[in-house]
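Please look at how the parts of this protein meet one another. The explanation below begins inside one chain and then turns to the pair of chains.

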Amino acid sequence: MTILINKETRVLVQGITGREGGFHAGQCQQYSEEFAGGGGAIVAGVTPGKGGQTANGVPVFNSVAEAARETGANASLIFVPPPFAADAIVESIDESVQIVVCVTEGIPVRDMVNVHRHRQGKDNVLIGPNCPGVISPGECKMGIMPGHIHKKGSIGVISKSGTLTYEVVAQLTEQGLGQSSCIGIGGDPIIGTMYIDLLRRFEEDPETEAIIVIGEIGGTAEQDTARWAKDNVKKPMVGFIAGQTAPPGRRMGHAGAIISGGEGTAAEKMRVMEECGILVSKSPADMGTTMVEALKRG
Amino acid sequence: MNIHEYQGKELFKKYGVTVPRGKVADTADEAEEIAKEMGGAVVVKAQIHAGGRGKGGGVKLAKDPAEARKAASEILGMTLVTHQTGPGGRVVKKVLIEEASDIANELYLSIVLDRSSGRPTIMASTEGGMDIEEVAAKTPEKLIKIQIDPALGIWPSTARRVVYGLGLEGEQAAEGAKFVSNLYKFYDEMDCSLVEINPLVQTADGRMFALDAKVNFDDNALYRHKDVAEMRDIGEEDPLEVEASKYNLNYIKLDGEVACMVNGAGLAMATMDIIMLAGSSPANFLDVGGGANKDMVENAFRILMDDDDVKAVFINIFGGILRCDVLAEGVVEAVKTVNVNVPIVIRMEGTNVEKGRDILENSGLDFTVGNGMADSAEKVVAALKR
């Protein structure tokens, strides 16, 4: 099994008529054909005002409502430009699309504050924004990650960073360790889904054997996650924090640091992870081998 | 994006956030004129994008116009070093001349996004003028934190909670609540990422002023605020960082010798980490971003080569949205126009990696190919030693 998406997922792409949207819809489509036997495919595009056209071999609709009704789409992948992206997220949320993945980078924070408020009490999942998306290898690719580096398997991957997610996946695959699902949660100040919700899903997923969490300096999300995992996750876990050598003084102002309750240095995060029983990879080159070690220890 | 105190105060006025009477001056003559206009004692304040100006000698009290002139001539042109400027300090180009306030009480007020709740949060304290991090650490009970529901915005009762928490009463409480509400409206409508007033002062005659103004804006929202975007002072930024921002490159100059070009902030930080683990140090952080085109890569490469400290280049790209062939074309173009006299190690994986490698191999460019991060970092460090 996987989490969030699988062969049954039917994806619509918001912003499919744009340059990046078009390119990546094509890549996702190709992944579905090559690696997933046609499952987890892109079934529709949405661009307001361009309904009736065809893009990447799928019909384009004016609205998410129409696309979902006509094609049975139950997940949305968003490539809409920053000024209009929050609106695109809200449209999918309001149409009860189950899984909403927003790749767009550069959305104003105030827009996301409002989206975050709007989502309260609703149960659809938002991943991102400013993220590479989600992939369940061999089932469904919903994002911009290079598909061929993945391998179907039993490691769950959660990461704040985009390309660092590819790095860890490539290292796992090189060690012969496939992945159940890989999620880039995004690096913006406000993101739809944090580590803990995904950890819970991986812990409940019978086919996920172990989980790797990749974090970055700043804030306390990784520490909170580690403390939660100590009590709630029984599967082996590996952690890595990027930014061990980042110089101080290049972060948000005083007030921000106070609110997040500490400076969130890599050393502090790694220490808390270790205290909570997570095996920490010190070097970004050792994430895959550290997972091999964690599996041995069980 | 940061702005100067005087700019922040001009914007405050538009929102009814009260500030002392004042004007900005570029010369000592202007400073004297403004002091005459003000009448009475004035404060002459250095305008740089950093805190701690008073301790560094950048803020002076002047009883009359002649003293204001003298203070301005001392401050203008000085290199002001504070705990936030770094050892190099900043050259002062403007001073703010303000009427001196008869201060009865100093408070602290700020608004910032609380990432964990996703809501703007008002922070206030009776300990104005102090280092607020210290207040939070030593006397957390003296720091009021109130989250704002963005769907409601600020309501009078919310503003009252702030001012009653600060111990204000009567007319002062009413005026304070108005001040807090206006500041929130400013923060919200102007897409700020931080507004901090330290100190917020009450005068002996019962007025309330923002004596300082620290305002940061969300870069992603600047397209909605052209007037704010025009306030940018590039003299306050590193020249190479200014150049990089023209091309939407996320570049930070560091002290080391290995220039890095990476896509994605996380991988860029991890690349810096592995350079350090391999025994050298990074010359910069450079994230060319997800949507980089050939032009951006070319300019990024040029900026790396403009840094005299650079002794080797490590290009680490894991193609996702950025395709490896695009990266390769950009590097090849850049090398044609830029004089490259340091070793280059390139590590590429991901989308269109085969095409990218073909382009590099057929370019005649002299470079070393790295396999994975550890191998590449070792090759960079080995190249440095040759």
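Between domain 1 and domain 2 of chain A there are zero salt bridges, a salt bridge being a side-chain nitrogen of Lys or Arg within 4 Å of a carboxyl oxygen of Asp or Glu. The model is predicted: local features need pLDDT of at least 70 and side-chain atom pairs count only at pLDDT 80 or more, while totals for chains, interfaces and linings use all residues. Residues are numbered from 1 along each chain as its sequence is written, chains are lettered from A in the order in which they are written, and side-chain values use heavy atoms, with hydrogens and water left out.

Domain 1 covers 1-130 and domain 2 covers 151-298 of chain A, with bounds from an automatic or database domain assignment. Contact (heavy atoms within 4.5 Å) links 15 residues of domain 1 of chain A with 19 residues of domain 2 of chain A. These two domains bury about 1500 Å², counted as the accessible area (1.4 Å probe) that two parts lose on being put together, summed over both. Met1(A), Ile3(A) and Ile127(A) supply 41% of the area that domain 1 of chain A buries against domain 2 of chain A.

Now consider the two chains. Here 53 residues of chain A are in contact with 60 residues of chain B. The area buried between chain A and chain B is about 4500 Å², with 62% of it on carbon and sulfur atoms. Four salt bridges join chain A and chain B. Arg110(A) and Asp191(B) form a salt bridge whose closest N and O atoms are 2.7 Å apart.
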